[in-house]
Amino acid sequence: MTASHTEEVKEGAANNTGVTLTDSAASKAKALLAQEGRDDLRLRVRVQPGGCSGLRYELFWCDRPLDGDKVDAYDGFEFVVDRMSIPYLSGASIDHLDRIDAQGFVIENPNAQGSCACGDSFH
């Protein structure tokens, strides 16, 4: 899930999580949350064991805070990273692409030493 992103990262948001969202990613997250019709959800990214290379990203809506969560407030939603994922994600950026050759959220992570051929996991 790495790709070079060309968009500027979101300015003005506190960076407690160590992860930045581009304007495109923040805008898409806000639009998706509006479709959910709930105001109690937060966008969470975490790293879990799995995939060909050993670790994989999960990006999803959650409604329960966890002990040790780090939270960044964006316009219209909160972005959360759990304490176990922070070392893996520190310095990462998340973009949202909508091009003919790539669609969806992509994570550029300077901590990833490599990834599998399909790009779904990293080590």
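Buried here means under 20% relative accessible area, exposed means over 50%, and partly exposed sits in between (1.4 Å probe, protein chains only). What you have above is a predicted model, where local features need pLDDT of at least 70, side-chain atom pairs count only at pLDDT 80 or more, and totals for chains, interfaces and linings use all residues. Residues are numbered from 1 along each chain as its sequence is written, and side-chain values use heavy atoms, with hydrogens and water left out.

**The chain as a whole**

Of the 123 residues in the protein chain, 35% count as buried. The chain holds two helices and eight strands, in the order β-α-β-β-β-β-α-β-β-β from the N terminus. Helices (H or I, at least four residues) and strands (E, at least two) are DSSP runs, numbered from the N terminus. As for contacts (heavy atoms within 4.5 Å), 55% of those between residues at least 6 apart in sequence join residues at least 24 apart.

How far can you trust it? Mean pLDDT (the predictor's confidence in each residue, from 0 to 100) is 83 for the protein chain, and 78% of its residues reach 70 or more. Residues 1-12 stay under 50, and the model has 34 contacts beyond four places in sequence for them. Where pLDDT is low, the predicted coordinates should not be read in detail.

**Helix H1**

H1 covers residues 23-36, and its 14 residues should span 20 Å at 1.5 Å a residue, which agrees with end C-alpha atoms 20 Å apart. The expected span is 1.5 Å times one less than the number of residues. Ala25, Ala26, Ala29 and Leu33 are the buried residues of H1. Looking down the axis, the buried residues of H1 fall within an arc of 95°, so they line one face of the helix; the arc is that of the directions from the helix axis to the C-beta atoms. An α-helix has 3.6 residues a turn, so residues three or four places apart point the same way. Turned away from the buried side of H1 are the exposed Ala34 and Gln35. After H1 comes Gly37, with a positive phi near 70°.

**The sheet and the hairpin**

Two strands pair if DSSP finds at least two bridges between them. An open sheet of three strands runs E1-E6-E7, with mixed pairing. E1 (20-21) and E7 (103-108) stand at the edges with a single partner strand each, so one side of each has no neighbour in the sheet. E1 and E6 (residues 93-98) run parallel, joined by two bridges, and Thr20 stands opposite Ser93 in E6. H1 lies across E1, E6 and E7, at about 75° to E6; axes are lines fitted to C-alpha atoms, for helices over the stretch in contact, with angles from 0 to 180 degrees between N-to-C directions.

Elsewhere, E4 (residues 70-74) and E5 (residues 77-81) pair antiparallel over five bridges, with Val80 in E5 as the bridge partner of Val71. Their hairpin has two residues between the strands, and Gly76 takes a positive phi near 100° there.

Tyr57 belongs to E3 (residues 55-62), and Leu97 to E6.

| Residue | Relative accessibility | C-alpha distance | Separation in sequence |
|---|---|---|---|
| Tyr57 | 7% | 9.5 Å to Ser85 | 28 residues |
| Leu97 | 8% | 7.6 Å to Ser24 | 73 residues |

Leaving aside residues up to four places away in sequence, Leu97 touches Ala102, Gln103, Gly104 and Val106.
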